[in-house]
Amino acid sequence: PPTPCPRRRRRGRRRMAKLLVPLVMLGAVAGSHRCPPRCLCPAAAPNPTLLCARTGLLAVPPTLDRAAVELRLADNFIGAVGRSDFANMSSLVHLTLSRNGLRRLAPGAFADLRALRALHLDGNRLPALSGAQLRGLASLRHLILANNQLAAIEPAAFAAFAATVEDLDLSHNNLPALPWEAVAGMASLATLTLDHNLLERVPAGAVARLPRLARLDLTANRLRALPPVPGPPGPSLAAGGNPLHCNCELLWLRRLARPGRLESCASPPPLAGRLLWAVPEEELACRAPAIAGAAADPAAVLEGQPLRLGCAAAGDPPPALHWLGPDGRLVQNGSRRAVGADGSLELRVATLGDHGAFTCVASNAAGEAAARVQVAVLPLPVPRGDGDGEGEAGPGPSDMARAGSNESRATAGERRVVAAELTGSSARIRWLPQRHLPGIRMFQIQYNSSLDDSLVYRLLPPSSRSFVLRDLAAGRQYDLCVSALYAEGAAALPTPRALGCVRFATPGEAPACAALPRPHFLGGTVIIVIGAAIAASVLVFILILTARYKAAAATRRPPAAVASVCSQTNGTH
């Protein structure tokens, strides 16, 4: 065959080079962006951007460019986000996962997105938010969770970005309540959108703790009352579509209302269906509370038995109920006392200190009312006779002996339960023999804990006559009751019977103990004394050696030679 011309060879090489250079450049661009299949990665964008919306993705592509700044994955079919789907994407600023039917977020799914500022999760099917799902979003400013199926949000869910978030959208969900304490801690929040939920209450002061809030949307919830919003100037408020109860508590909203606002009244009946801005202020009235009834059930009990006090009150708005004890102090929940949601007071273990009149107080914005309930707590009967329990049982003195007080003057034989040998951390509890109760299985001691007001129980064998408590705290008051568990037959269930109660207080630390040297001080003093003794001994030893050396040196020194002898006798040498 004829040999090709060298000039033709050079031309072919040039054409091949011109063809290969664009292909190599295109491959380099595609390799640098790592654009996933069916996604757009515009090279003209100033920052790496991945556009994967409406591409039919079933999961987050594993070939994402980890240096991307913006990622759009909206309108796909991504049902879950795993822990590693967005791993090492520390430069991502904007992430869109809208309208994916997303049902599950793995804990820590966004943990590596430390620079993310906007997260769009609207239009999905998330049922709840936990504290670990949004962990790591330290720079988040916009969180959009609208149009989901959220029914619960943990308070810790917003902890990672509470200081930075500015826009929070939770509209069109199924939220009956909100972690208001967590929301109130969002110091930079400017827009809070909560419309079309099932919210029934906004706590007083929750909105006032948001200093930068500019817009609050509470439209179409189940709110019957609204707490005052700070202002003017204050945040723009939208609260239409709520079944508001129009009374004096909404005077602040009536004064802010103007024609065109949609807040309307659902009750009371004379105002139902009227727009709030059209209701005169004098018609927004409250009614002072009135107590319909207050009673104790039963009215008299033996100490150690339970007792319930009920109280019913009416008013507009519904009054809050609280109780005052016979000593005039406010009754709070504890080991022996519990105030129910309906305002009732339950005394689980009645003591002689509960004898007297309890006061039920009902209060609302229009005033308050009070009613007294008399409670009788009777001391347990003490068996009298020969000590075997065969004598006639009659009423005895109080079992409530307060250690160190005037109530402890009664002799030990007159009290069924006695607290003795009290120290700062222990007490010996004694009770009378119960030979008159056949079939005693065991004794039960119950008292309030040293750390809180929860009850502590101790079970003892039937032969016990005393017990030493060793887990007490100094300077604390205790209410203790002893019960006997007995059964009439072998197959019968044990039945408790209260033997008595005692109230005592452990002594505080003695003041003299504060003047005693502390152990580390004594140890340091001993070390100093021993060191000084050793130093003195060494010094004495050195002085003895020095004296002996000087004495030995003096005995070895030769006598001095006589240079001249002068005598004077009668003036001549």
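User: In which sense do β26 and strand β27 (residues 427-431) pair, and over how many bridges?

Analyst: Strands of a sheet pair through backbone hydrogen bonds, either parallel or antiparallel. Here, β26 and β27 pair in the antiparallel sense, over four bridges. Strands (E, at least two residues) and helices (H or I, at least four) are DSSP runs numbered from the N terminus, and two strands count as paired if DSSP finds at least two bridges between them. This is a predicted model, in which local features need pLDDT of at least 70, side-chain atom pairs count only at pLDDT 80 or more, and totals for chains, interfaces and linings use all residues. Residues are numbered from 1 along each chain as its sequence is written, and side-chain values use heavy atoms, with hydrogens and water left out.

User: What is the bridge partner of Ala419 in β27?

Analyst: Ala419 has Ile429 as its bridge partner in β27.

User: In which order do the three strands form the open sheet?

Analyst: The order is β26-β27-β30, and the pairing is antiparallel. The edge strands, β26 (417-420) and β30 (466-469), each pair on one side only. Neighbouring strands of this sheet are turned by 20° against each other on average, direction ignored. For such angles, axes are lines fitted to C-alpha atoms (for helices, over the stretch in contact), and angles run from 0 to 180 degrees between N-to-C directions.

User: How many disulfides does the rule give?

Analyst: A disulfide is a pair of cysteine sulfur atoms within 2.5 Å, and by this rule the count comes to four. One of them joins Cys246 to Cys265, with an S to S distance of 1.9 Å. The torsion about this S-S bond is about -100°, so the disulfide is left-handed. Cys246 lies in the loop between β14 (244-245) and α3 (251-256), and Cys265 in strand β15 (residues 265-267), so the pair ties together parts 19 residues apart in sequence.

User: Is Cys246 buried or exposed?

Analyst: Relative accessible area decides this: buried means under 20%, exposed over 50%, and partly exposed in between (1.4 Å probe, protein chains only). Cys246 counts as buried because its relative accessibility is 2%. Cys265 is likewise buried, at 3%.

User: How is the disulfide of Cys248 and Cys286 to be read, and what is the torsion about its S-S bond?

Analyst: The sulfur atoms of Cys248 and Cys286 are 1.7 Å apart. The torsion is about -95°, so this disulfide is left-handed. It links distant parts of the chain, 38 residues apart: Cys248 in the loop between β14 and α3, and Cys286 in the loop between β15 and β16 (287-297). Cys248 is partly exposed at 23% relative accessible area, and Cys286 is partly exposed at 22%.

User: Which residue forms a disulfide with Cys311?

Analyst: Cys360 does, with the sulfur atoms 2.0 Å apart. A torsion of about -85° about the S-S bond makes this disulfide left-handed. Cys311 lies in strand β18 (residues 307-316) and Cys360 in strand β22, so the pair ties together parts 49 residues apart in sequence. Cys311 and Cys360 are buried.

User: Where is the place of Asn364, and what does its side chain reach?

Analyst: Asn364 is in strand β22 (residues 356-364). A polar contact is a pair of N or O atoms within 3.5 Å; within protein, one must be able to donate a hydrogen and the other to accept it, and residues adjacent in sequence count only if both atoms are side-chain atoms. The side chain of Asn364 reaches the backbone oxygen of Arg287 at 3.0 Å. Asn364 is buried, with a relative accessible area of 17%. With contact meaning heavy atoms within 4.5 Å, and leaving aside neighbours within four places in sequence, Asn364 touches residues including Ala288, Gly315 and Asp316.

User: How many aromatic pairs does the structure hold?

Analyst: A pair of aromatic rings is described by the distance of the centres and the angle of the planes. Rings of Phe, Tyr and Trp (its six-membered ring) pair if their centres lie within 6.5 Å; planes under 30 degrees apart count as stacked, over 60 as edge-to-face and the rest as tilted. The structure holds five such pairs. Among them, Trp431 and Phe443 form a tilted pair, 5.4 Å centre to centre with 55° between the planes. Trp431 lies in strand β27 and Phe443 in strand β28 (residues 440-448), so the pair ties together parts twelve residues apart in sequence. Tyr447 and Tyr478 form an edge-to-face pair, at 6.5 Å and 65°. Ring pairs link Tyr447, Tyr478 and Phe504 into a cluster.
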